[in-house]
Structures are given as C-alpha cells and as structure tokens.
Amino acid sequence: MAYIAPIHRPSSIRHALKLNFLDPDNDCLVVAKSNRLEFYTQTAEGLSLQHSKAIYGKVTMLQKLRPALSHTDHLFVGTDRFMYFTLSWNSDKKQLQTEKTFESVADNAARESQTGERCHVDPSGRFMTLEVYEGIITVIPLVHRGKKRKQESEVAHLGEPIPSRVSEMFVRSSAFLRPRSADEKPKLALLYEDTHSQVKLKLRELAFASDNSVELDEGESYRGELELGSSHLIPIEEPTHGLIIIGETSIGYYNDESGELLTEPLEEATIFVTWARIDAQRFVLADDYGRLYLFMLVVDGRNRVESWKLEVIGKTSRASVLVYIDAGYIFVGSHQGDSQVIRIAERSMDIVQTFSNIAPILDFTIMDMGNRSGEGQTNEYSSGQARIVTGSGAYQDGSLRSVRSGVGLEDLGVLGEMEHILSLFGLKSDPSSNYEDTLLVTFVDESRVFSFDSQGEVEEVEAFAGLDLTGTTLTASNIPQGRVAQVTKNQVRITDLDGGMIVSEWSPSDSRTITAASANDSHVLVSLGGVSVVVLSINGGLNVVKEKTFDASSQVACVTLPAHFGSVCFLGFWQKSKLSVCSLDTLDPITSVQVSAESIPRSLLLTQIFADQSPTLFVAMADGNVVKYAFNPSTNELSGSSSIILGTQQATFRALPRGNGLFNVFATCEHPSLIYGSEGRLVYSAVTAETATTVCPFNSEAYPGSVAIATPGDLRIALVDTERTTHVQTLKVDETVRRITYSPNLKAFGLGTIKRILKGGEEILMSHFKLVDEIQFKELDTYPLNEEELVECVMRCELPDGSGELAERFVVGTAYLDDQNAVAVRGRILILEVTEDRMLKLVTEISVKGGCKCLSICQGKIVAALIKTIVIYNVEHESESKPELVKVASFRCSTAPIDMTVNGSMITIADLMKSAVVVEYRRGETGLPDTIVEVARHFQTTWATAVAEVDENMYLEGDAEGNLAVLSRDPNGVTDDDKKRLNVVSEMQLGEMANRIHRIDVATAPDAVVVPRAFIATVDGSLYLFGLIAADYQNLFMTLQSNLAELLTTPGGMPFAKYRAFKNQVREAEEPYRFVDGDLVECFLDVSDEIQSKAVEGLGVDVESMKAMIEGLRRLH
C-alpha cells in the first residue's frame, strides 16, 4: 500500500495569461505550473503571489473571457483529462469560484493533437474554439442566437461544445483574424502541413447553421508556397489587419483582403518558439536558443505594411510563454530554465525578477540522508535531512540544483573570520532601546565585544560596561536598572551600563571553577564543578540565597533558570539520568524524573512555544537525543515526555523570539535544527546552516529580527525563517546535465553533459563527462567524448584494480548519433579513474553494437543495458595496468531497456513498451557459462520510464503517461505462473512523467505510519517522497482519503477518484488503487473543525489522534 507526497512542487511554466481577474482595475498574471494555478499582481518589488490553488488535472490551456455583466474577467481552463471550466474570483471569500464546467469533449476514436492544444476566442465575442484532436475543431458559442447583444446576460454561461470536422490534420498554428467590420463573419486562420509535407494557410469562416449548430465554412487559401519552417501565426490589430507568418528563415505578412504575401528573409536562421503583443505594431519574439527579439511592422501613410524590423534585445531562459505585463515589463515563463520578469530598455534588457525552476529533472542523486557519522542508528527520517542534487534544465539553461527541505537562513553579512567561537550573547548598551547593539563573542581564553550602529557598521571595542573580557563568558545578559550580569569561569559580575562601574562581584571560595551558569532578571544560578550549586540573588547586589553540595552519587551535569516561571530551577544529573525541578530557596527537589536509561542530560531550556499550552522543557542528551516535557508552573510537574534523535552529539539550545512572548528553539549539533510550534504541535526541522556551532538572537536596528551565527571559520549575521520551506541552490552549467552520480569518498560529482552550439546556422552537439567538486561546485576536470557521441548514463562503483584491491571508478555509457555511419560501433562503455590530483584518466573502454542506455553493478560485475539486450561484463586484468571488459552473459529484452535496478543477483529492467521484467544473474557451475534467466514479468503494455525496487520483491514503476504502479512478485506462489507474474498492488495517475526513481533506506521508528522508500523526480520539476504504509494503518488512510475527497471540492469539480485513476492508451481505471495521495490527506490539518469531524466518522480514531498522525506524515517531507 503506497503513499506519495511532494517535497518540491512542479516549477515548470508552460502557460501564462494576463487578465483583470482579482480586481476590475488592476491586471493580474495567472501562471499554470502543472496542476497548480498561481495568481500574481505587480508591486514595486516585482510580481507578488496573491493566491495559489491546485486543480484536479494538468493545465493544458488558459484563456480569458469577459461576460457582459461581470466587472472582472473569467478564466477558462482546460486540463489533460479533457475537463474544461471557467473560473471567477469571489472577492468576499477570497476564493476561486467555478462558473461553468464542460464534461469531457474526449473522442476516443480521434488522435490527440501532435502540435499542442490551443484555445482561441473570436474578437467579436461570439465563439470560442478548442483544438484538442487532429482534424476536429470544437466550437463553443459565447452568444446565443436570437438574442440582442444589449440584453445578453448569459455570456458567462457558455454554450454547449460543438465538434466540427476539418480536413486540415497537422495544424501548426491557428488564430482568429481581426474583423474589418462589425458584420464580418469570424475568420479562423489555420497554418497546417498537408499530406505532402507542404505548409499551407487556410482561412475558415464561422457561422451558425439553421439547426443551431456551427459551420466552419471553407474560406480562401493562400495558393503560393510558404516556408517549410513556418510555425506561428500572429493576427494584426486594426488599422492594419492581416496575419504575420513566422518562419525559421523568413517572416511574412499576409494581407487577407488582397490575398498577397509579403516575405522578407531573416539575417540569421533561427527557431521561434513563442511571441507576445506589445501594441498594434510591436511584438516580442523568443527563439529556441534563449534570445529575445523586438519585432516591429513598418507601415505607410495608408496603414499598409511595407516591411518589418527585427532587433535582438538580449538573452533569457528558453521561453515557453511570453506575457507583456506593462510599461516595458515582460514575463518569460520557461519549462527548461528559470522563469523571469525582464524590463526592456533601448536595445537592451534587464532581468528584474527570477522564479526558480528545476524542471525538467533529467537525473538526480542523493548526497546524504542526514545519517549519523559512521556506523549505527540513523536519525528519525525527515526529508529536511536529505540533500538531493538534480541535473535540471536543457542546453544553455542546464544546471545543477541542490534541493533541501528545511528552515532557510538568509545571510545578511559576515563580521569576519574567527575560529573556535564557544558562545554568543546579544546585549543592549541603552537599556531603554528596543534593539540590541552589542555582540559579546566568547572564545576558549578570551571574550571580544563588537558594537553596531544604526546603519549596521561594526566596530570592535576594547571594553564594554566593565565586563571581564580576559576569559570565557558562560552567560551574559541585560538585567533591570540598566545593568549587565556576566558569569565567567571564575566569578559572577554585575556592572552598570552607564559608566561601566562594577556594582557587585561574587567568586566561589577555594578557587573552585564555575562550569555551568544560567541567569534571569532576579537570580543567577551557577554550578561549581558539578559538585555544588549556588543560587545568587541579583536585587541589591549579589547575595547567596542558597548553596548546596551534592555527594558523589548525584553530580550536576547541567542547570537552567526559567525566564519567568516562578521560584524554581532545573538541574540535570550525571547519575541515573535524573532531572529535578528544585526550589530556588532550598535547592531541594520538588519533582524528579528519569530522562533516559542510556544517556545523560547535558543542556536544558524552558521556553514558551505555544500561546495556549504549558511551557516546554527541552533536554539535550549526550547521545544526540532531545527529550521534551510539558512543565506546569502551578504544580511544578513535568509530563508528556517525547524524544527525537537530532544527531550523534549533544545539542545546545538557544531560544529565538518569534513575537507575542513566544519562541522558537535553535538546536546546534552536527545537524542544526529549528524547533517550532505549528498547528498546536512541535515541528523539528533541519536548518540550511549545516556548519553552525552556536547562535544567539540579535535584534539590532540595522538587522531587525536577525540572529548571530558562529561557524568553525567565521561569524555572520543572518535571518532565520520561522518555518520550513524547500530551498534550492543553483550552479549554472550551461549544458544539459543528462546524468549525475555522486562519490562521497572523492567528495565529487560525475556529470554527463551535452552542449549545443550553433556554427554557421547548423546545430552541433558535443558531449562530456565532467568531474565537479561537491563543496565549491567547481569543475575539476573534463573528459570529452567523440564527435557525434552522446553520454547516455554514468555510474560510480568500486572495481578490481588488478592488485587484489577495489578502487573507486566512474563508468560512462555512450551512444552515437548517426546510426548509418556507425554500422559496427554504436556506443562505448568507458571506465575512468580519478587521480590523486583529481584529474580524470581512462582505465579501459569497450565498443558496443548498441547505445548503452543504463549501467549498474551486480555482484562486482558491470551490468549494461544496450539498445536491445542486457549484458554483464567482468573486469579482468592481463596485467595490473591493462584491464579489459569481458562479456560473461546476456539477455534479450522485449523492445528496449530504459531503466534498471539491481539488488543482489536480481536485475529489474524497465522496458520501453513492455513494462517491467525481473531477471536473475546465475554463475555457471562446473565450467558452464554464466546466464541471465527471466524470473518474473509484468504482462501489461506500459511505456516505462523509470523503475526502482522499494521493498523485497516489490517495484515502483513510472510510465510515459504520468502513471505510477507498484508491482509485486510472489516467489512462493502456488503455480509457476503465479511465481513468474508481476502483479499490480498499487497504481495511480501522478499527472507528471517520472524521469528518475531512486530507492532510499532510512531508519524509522518501529511504530512509523509510513516508511519512506524512494524519491521520484519528474519532467515538470517535482520531487516526491514515496513510502509504504504500515499494514495497521492501510484501511484507515484509504477511508480517510475517500472521506476527504467527498468533503472537499476543487475548481472545476473534477472528482478526485477520476483525477488520480490510472489511465493510459490501453485502459482507464475508475479510481486510484491502494494509493494514498499525501497532498489530499494532509489537507486534513488545514480544513475546518466541522470537516475534520466528518472525515474521521467511523474510522475509530478521534480528530486529535488523526491530527497527530498526519502531522508526523507532514514532517516526512
């Protein structure tokens, strides 16, 4: 039973539109990212997201309509499930509202359009056309016959769709011409390819027939020849009228009145991909190479087109859609690069805003899972601890992206390089100020003070308010009456801010050392070597309230004073892992608990996380565990213990204010985490500052709400997010990163890249294998492939080096572009080593008769998936310096292998057309050759794209039509047929094509609801976490999903079951099968109490228990 939830949502943009949707007076930009609609408005800072909503279906078209009685535009949306609907904005509820829904206009007998789906609205407002299938144009009447336009109130309620057959099959582009008079029938221009591969232009007139149907009358055709590369039609506004025909080598103007075509050649041939209108005579064009052009018509005095001008403005990401926003600003929506907002200047442009996009993800690797250093138990899983590096984009937009879900840090400035910082304290030099302006930095043998002015300028000062800077400071804070309390290893000191006079001092007798300290506004608590604890009163100078010496059986390990809660303190003990709540007056325990049987408490912090709950006590254990308790200030009781592993070493806590008397907690260890409250529950989230050693809040005037962070090498000021989000770091490669692998030992990535260059109007592809440093993302070395040879796969593995030892190697599989010239050799397998000076060196290579599609390692041998066969090679050494690849076994596939996963001797192959097959590599006995034997097969037709083993005898497969299926093999089946059959145990429609699936193995709690098993990367830039649901919870979550699907509606009203039902060209299911959609289930936390209560009816669990379970699921990703 499967569970899937997004780590990174789709970021590819293929559709965008400008309209007056949210407000009658202001433009709004709507952007479609797969199945999500986002609405932006323009502000002084750039585009600002106003609303975001997921719909059930991938968006394939957007169009705007303005009904007669509406003050705002309506949005027409078409999806890949052939559902069409119009949306309006309900300004009172601040929600999208569905106005009209069309049932599917799907025609099962027709072929889907090969050139993309299109939607047009007739300029006179009478018709809308949809082009979804080859040879069929669906017309939707917008104005009903027999009604006068002035009384027309039903324009919002579109007419029923009327399919009309046309003879033009391969339509490249279409557009409505602008009418020359009010009585003129709407004309639809079609640029199409005929059966002789000639490009033609035809105009068709739309009119109502007598029986209320719509006719597409044969209009005039252009009889002359059009350029074969013609791709786009642009209708021209009045007064010029006509059409612009965009080609690869020329641009032409077609006058529909005279039937003449005026064509002028381009200076340089290119492939135009999209356009946007600036005004009646100026347009912006984008080509396949990321260039942006300004296109202008040259018109004579009688408004007739004489010629045109084309100027290059600059370079952007390769555009999928262009939208002219206003005042020279253009939105560039991209599928294979970052989307951008640019401002056009005189013959140039500026990029003013960038929207990160990691689509398409061609390959990815998992750098680390946040594992403990060395062997042993791993952290309780959260994808915030996993760092995924993707090969994203294509050609000039190619890049490496590091994706991590966690709490982000935005660096504001670095104070300087400093090593061995132990702790930090933010202080005020003016007690009446709301801001801190002094940072006390303490080291092993000294403390230093940095002063900040209101502009953020920093100065190190020799002295501050009489503080002792000659040793380590254990704690320092502002206290009432304009004073500062400081505790060092030798003394406690209270000084006056005004003048720096020492008001009071206290030192332990017998030269004992202070090993731990805590202070609040009224007391200071110190531990002397863990043997004695002293409580000092601050009021009226430092006075000993109580000193207590503990015997050898109860030594003190850590202490803390609560900031506000009563006259108690907290002591943690070395023996029996005891934690006590003690009275400040007597230091006698009021309440004691045993925290753990296996470790010792080393750090304590009591703070208020939730407004309506008791304060929370955090206990950091020496083994990396963090235990939390709820503390009741009225009874001094500790209750509600729970724990989580953050690392291998003790964490150190600092409370960070989040306003209204509430705090987040920053825990520093080898995996720094932010602990915060969300929806009444504690969330532990990884922080992107991996190297932080200590932090402190530093709310300065120049950097309000910031924190000071010390790392092993420097000290910096940063802003910390209050909650977890997904963070993406980018390294531009400017080549397609087709394949990526990671070597933890070499601390480097191996990249298989493809570069496209234009030479004399001809595209040339060059391929390389690159070695890139993991930290600096710096290219270390490049191994070029042969001409017309492309990288297909890369792998890191350990192979024999000829001396009996194993050595780390990169293996590269390639294919040649030109099959005609390469009769015998159609690919190569290369083995590369990395030398001591981090350079690539060829160890050996072998030529193969088919392109090498994928590589893996099986029992120390290389498994290569060639174009039709699976071949196993052994690395054999004639001499230590001369290894050879020797073929030991092979297996013929049904069509062509696309992906492969290996576990032990079992090899699972994703086949191009025939789904998945499991084969076993068997070594030959008594002189017989090794063999590869088919063990099991999935007998359905599926265009597989990726496969991974997610459990023993269980496989996750993605296909080209956006489905996911979990296949299971039963080796203990009753008959041989049962044993040889892969059965579907879960399936659903993801809506995005999975390019890569990688298995993950993480330790989870024994009672975990979902066990994470794989990451999935898609063409649209999504990353998903796939998990298996524990048997005890399967019915619970399936029923909850069904209940929520009935209770929640989405724009367009598409049923959830139909949206997620498996669908390919061969069959279509009614609903997802044993698959739980985390996006829907996790909505439970965000809906009203009433819906929550209805959703859990009959499930046998209450709302609070369900909330706790789903909160745990949300923390997984």
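1. Glu1104 is partly exposed, with a relative accessible area of 45%, where buried means under 20% relative accessible area, exposed over 50% and partly exposed in between, computed with a 1.4 Å probe on protein chains only. Its salt-bridge partner is Lys1107, the closest N and O atoms being 3.8 Å apart, and a salt bridge here is a side-chain nitrogen of Lys or Arg within 4 Å of a carboxyl oxygen of Asp or Glu. Lys1107 counts as buried, at a relative accessible area of 19%.

2. This is a predicted model, in which local features need pLDDT of at least 70 and side-chain atom pairs count only at pLDDT 80 or more, while totals for chains, interfaces and linings use all residues. Residues are numbered from 1 along each chain as its sequence is written, and side-chain values use heavy atoms, with hydrogens and water left out.

3. Lys1107 and Glu1104 both lie in helix α6, 3 residues apart, which is about one turn of the helix. An α-helix has 3.6 residues a turn, so residues three or four places apart point the same way. Helix α6 covers residues 1103-1115 and reaches 18 Å from its first C-alpha to its last, close to the 18 Å expected at 1.5 Å a residue; the expected span is 1.5 Å times one less than the number of residues. Helices (H or I, at least four residues) and strands (E, at least two) are DSSP runs, numbered from the N terminus.

4. A salt bridge also joins the side chains of Glu218 and Arg204, at 3.1 Å from N to O. Glu218 lies in strand β17 and Arg204 in strand β16, so the pair ties together parts that are 14 residues apart in sequence. Glu218 is exposed, with a relative accessible area of 53%, whereas Arg204 is buried, at 4%.

5. Strand β4 (residues 36-43) is mostly covered, with 6 of its 8 residues buried. On one side of the pairing, 5 bridges join β4 to strand β3 (residues 28-33) in the antiparallel sense, and two strands pair if DSSP finds at least two bridges between them. These strands form a hairpin with 2 residues between them, and Ser34 in the turn has a positive phi of about 55 degrees. Strand β4 also pairs with strand β5 (residues 46-54), again antiparallel, over 8 bridges.

6. The structure holds 22 aromatic pairs, meaning rings of Phe, Tyr and Trp (its six-membered ring) whose centres lie within 6.5 Å, with planes under 30 degrees apart counted as stacked, over 60 as edge-to-face and the rest as tilted. The rings of Tyr56 and Tyr1059 have their centres 4.9 Å apart and their planes at 10 degrees, so this pair is stacked. The two residues are 1003 residues apart, with Tyr56 in the loop between β5 and β6 and Tyr1059 in helix α3. Tyr56 is buried, with a relative accessible area of 13%, and Tyr1059 counts as buried at 5%.

7. Phe769 and Phe810 form a tilted aromatic pair, 5.4 Å centre to centre and with 55 degrees between the planes. Phe769 lies in strand β64 and Phe810 in strand β67, so the pair ties together parts that are 41 residues apart in sequence. Phe769 counts as buried at 0% relative accessibility, and Phe810 is buried with a relative accessible area of 1%.
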